[in-house]
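Welcome! Here are a few exercises to work through with the structure in view. Try each one yourself before reading the solution.

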Amino acid sequence: MQIAAAAGMNRWSWGTAGNASKSDKSGPHRGRLMMLLWIILSSSLCRMVDGQMKLSPETVQQWAVSFGKEMAALSTRYSGAKLLQKKYKDVEGMVKIEEVDGEELVKKFAEEMEEMLGRKMKSVKRLAEAAEDADLYHEYNETLEFEYFNSLLINSVDEDGNSVSLGGEFPLEKNEHFDKLPVNTQLSNIQVPTNVYNRDPAILNGAYMSEALNDVFIDNFQKDPTLTWQYFGSATGFFRLYPGIQWIPDENGVVTFDCRNRNWYIQAATSPKDVVIVVDVSGSMKGLRLTIAKHTINTILDTLGENDFVNIIAYSDYVRYVEPCFKGTLVQADLDNREHFKLLIEELHVKGEGKVKKAMKESFKILNEAAAQGQGSLCNQAIMLITDGAMEDFQDVFEEFNWPERRVRVFTYLIGREVTFAENVKWIACNNKGYYTHVSTLADVQENVMEYLHVLSRPMVINHDHDIIWTEAYMDTVLFNSQAQSLLLMTSVAMPVFSKKKETLSHGILLGVVGADVALKELMRLVSRYKLGVHGYGYLLTNNGYILSHPDLRPLYKEGKKLKPKPNYNSVDLAEVEWEDTEEKLRTAMVKGETGTISLDVRTSVDKGMRVMFLKNDYFYTVINETPFSLGIVLTRGYGQYIFTGNVSVEEGLHDLMAPDLTIANEWTYCETDIDPAHRKLSQLQAVVRYLTGKEPDLECDGQLLQQTLFDAVVTAPMEAYWTALMLNTSGMEEGVETAFLGTRSGLLRFQRYTGMEKRTAKSFLTSTDKENMFTLDHFPVWYRRASEYPAGQFLYYMPRQETRAGRIVIAATAVTVTVGKKTAIAGAIGVQMTLDMMESKFWAIAAQPNDTDCSDTDGVCPLRCDSFDIACYVIDNNGFVLISKQRSDAGRFFGEVDGSVMTTLIRMGMFKRVSLFDYQAMCKMNSHSVSSARPLLSPFYGLASALKWFLSNFLLFLLEFNICGFWHMEHFADASAHKKRGDILQPCDTEYPSFVYEPSVKETNSIIKCGRCQKMFVVQQIPESNLLMLVVQADCDCSRQYPPLTMQPKEVKYNASVKCDRMRSQKIRRRPESCHAYHPQENANDCGGASIISLSASLFLTCLSFLALVS
């Protein structure tokens, strides 16, 4: 390079001249020196202006034009985009374009959902009736011997090869309908928690009685083959599940699943409730008692749901709220708040004397005020008193606040082995329509807490009100071990089962709850994706405003290599997903169960939040009758407004549909394959072909979607021959072009692999694992969505995200449209996937002027070459991501991280715009000390004593529990130790993160950045017929001190204490459940509990207590 060489000579000459001037300062030498300096300065003018490199915008423009033309020609040729656009142009006379009627569409989808969910409700009603009838004619037998199929023991044999007791042969077969789990569709079986004796007379009688449900399970499944799991959860603790499965215990050999803890059971068994938990933290509650009290509180919290309200008060000498922010009010018992309370409960410490009277008064005031102001559940109200004794006289408190109506029930939990105050504590419960229990060990907690649910259910049971409930979205990570099943979002429909025996009517005996699961993805299949267009989607909302299903709901996060549900995954509010609805008009209308429409300008992101799009969305919504749910659909203005239909014969379309390069969206429902078991192994394409050929005429198929798919198959058929001809012409093939592809609105996908698997860089592109680039239930492919926002015929280029791409690849895609009159609809998108290496080679060949370039008319560095050491050249896309750089590791990075000075200047000049996006489902690292108030170790002795105390207290708990029920509860200690070892934990948080977008009206620019002792020049030029920009930057001026890198890292939105408290206390609009059963005049309130009798070695107990006292 001439200029570079001259510059090198200049620098060498400076040094020589300097030396010469020192050794000889005579006149002739001085004259020659001045002449040399003049020559150097003159030669530098071609590249420096005031010490600043000068780059020629004209040269960069020429490069950009040449590169743009070459890439457009390559993309057009290997994709066949012009041919496909012509084919759709040719059939415009046969095409009909209609505007999508969102209001009619959402009503139609809602009716279909109502019908589907109605079938589930009918199945549950049949189960409830059968269970009640079976109990009515069953006589309880204390000595009953009955062998049932225990799901933990089935197919197990002893050392002699004989079936173990409660085991037996239980055939299991993998079933497509149940996610390929081995099941028995002819029988149900029974699971019993480890802490419940599986031969207890109550279990045996219940198992025998509920055998009658087997026939109903099978009959329900035959009537509605879309049913999944059906079950009966008994009040005694056993769980009958259909179809029967092999239950797998956890790594400790323990089955912790207890159906009575599940939300479907609790919601069906009781009406909504307001609960104030009052816990004694006086000095007498130390050690084991406090541990049991904390476990009791957590167990009560686990029995609450999003229709319930709660607060927790701790008392000793004085009354304090566990969460001061919640003082004097009730908060919704959603997952967020329950988990927040659990963290605070861990920090409770004991001190002082227990004075419960003030705490009881405060509790009544909270409940009375909530009722008076129309807050809370407006149904059941209860106080849960957890104490080791109550010496005060409470009568005047109850006379003032609760008698004679006894509107607030009081449940009492006497903690510890001491029974001195048992009568006092029992009197409180019995005189306030509550229930008294004695909790002496951790193992007692579960059973004793459950008693309050049976008491609250009495009015409903006596009245025989069979309310059907639907749960919020949840994942059953306890019930299922396989990841596919355990991380599946579902809702359950459930109904209580009552004893109809006249002799026990006033006792209001709850036998249990029957229910069935509905996978939410199956429900959302009813929302036809092809009718909603490229950016459209459907979503479901609960009566509390929480998301049931939404394509932007992200319920999982990664912990190490394992996917886990987020702590608040099922209490994500609509306002946190549709966050552009700042006034919450959409949320309010849907929660109220209204039907209507609203329009919003939204910023949405694709490619996992990396790229922003600006859309105008129309939201249509309506209620799903007989459920607490509302359905919404979204249509995007522009292309989303219209749908086109074409018409071809079945024979013609079927021929092209069976081409080897064609697939259809397997997650969509072209034909219903889940009704007939014989169809469940068919792919959607196989089902469509069998239906159209007459081999399976009984299949239920979507006629409109099939017609459109056949039409698209015919129109796109010539692409197969076009791509094949290119591939066969090996001499003319560009090395690095790997795959041509196209997709249409009907979910049809065609692709041609130009390169064999062994040579292909992108091995996973357009495979079943590549969800981002395929048609799914939630979205169209990324390349389709992005191409639709650019003019048809103009290619959009981008690199897939770092963590999903299978190599250094580039995707180029463009939209294909159909126009009839003034209406234009997107027919599909077409593109080509190539290697980045090929794109780079073409760029570097263009971005270098030859050494013999005529530089006479060039104002700037000439010849200009991107391979010069002092020049950096980049190709970036319209979101600022680097495609090409000298540093190969820059590819895929945000340009602001590579050169913050240039990116900052481009933003200031208006060439790029910074757009703020928000994520209200984020997970942030939170140091463990932020949730712990543990005091520091003040001395080695104190540290030793603390460690000894911790060991002995845990050892005591172990001995106590082992004495009662073995080691079933060992996971309590495992969890505790894991919690102590945890350094940083992830917790839900809100984040703000930037996205950047190019302003296309600015075609080119150049500027000089002043950076201390040097100045940096850069030139930016839009690359025609693309979404790309070319940057040529002076590389020998470091501006990193003055301009730090710009990153796209999300930042946590921090709220000050006041704002945080307001957010936590705020109660959004919600729709209360329609029914409430809080009172019945025939209720037998005298059945109010008694002390539990559990034997324990006295010497063992006293020894352990002595050791514990020694280090306290």
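**Exercise 1.** Is F398 buried or exposed?

*Solution.* Before starting, note that this is a predicted model, where local features need pLDDT of at least 70 and side-chain atom pairs count only at pLDDT 80 or more, while totals for chains, interfaces and linings use all residues. Residues are numbered from 1 along each chain as its sequence is written, and side-chain values use heavy atoms, with hydrogens and water left out.

Step 1: recall the cut-offs; buried means under 20% relative accessible area, exposed over 50%, and partly exposed in between (1.4 Å probe, protein chains only).
Step 2: F398 has a relative accessible area of 0%, so F398 is buried.

**Exercise 2.** Describe the aromatic pair of F398 and W427.

*Solution.* Step 1: rings of Phe, Tyr and Trp (its six-membered ring) pair if their centres lie within 6.5 Å; planes under 30 degrees apart are stacked, over 60 edge-to-face, and the rest tilted.
Step 1: the centres of F398 and W427 are 6.1 Å apart with 40° between the planes, which makes a tilted pair.
Step 2: F398 belongs to helix α12 (residues 395–401) and W427 to helix α13 (residues 422–430), so the pair ties together parts 29 residues apart in sequence. Helices here are DSSP runs (H or I, at least four residues), and strands are too (E, at least two), numbered from the N terminus.
Step 3: W427, at 32% relative accessible area, is partly exposed.

**Exercise 3.** Now classify the pair of F775 and Y784.

*Solution.* Step 1: their centres are 5.9 Å apart and the planes make 75°, an edge-to-face pair.
Step 1: F775 and Y784 are both buried.
Step 2: both belong to one aromatic cluster, whose members include W668, F741 and W783.
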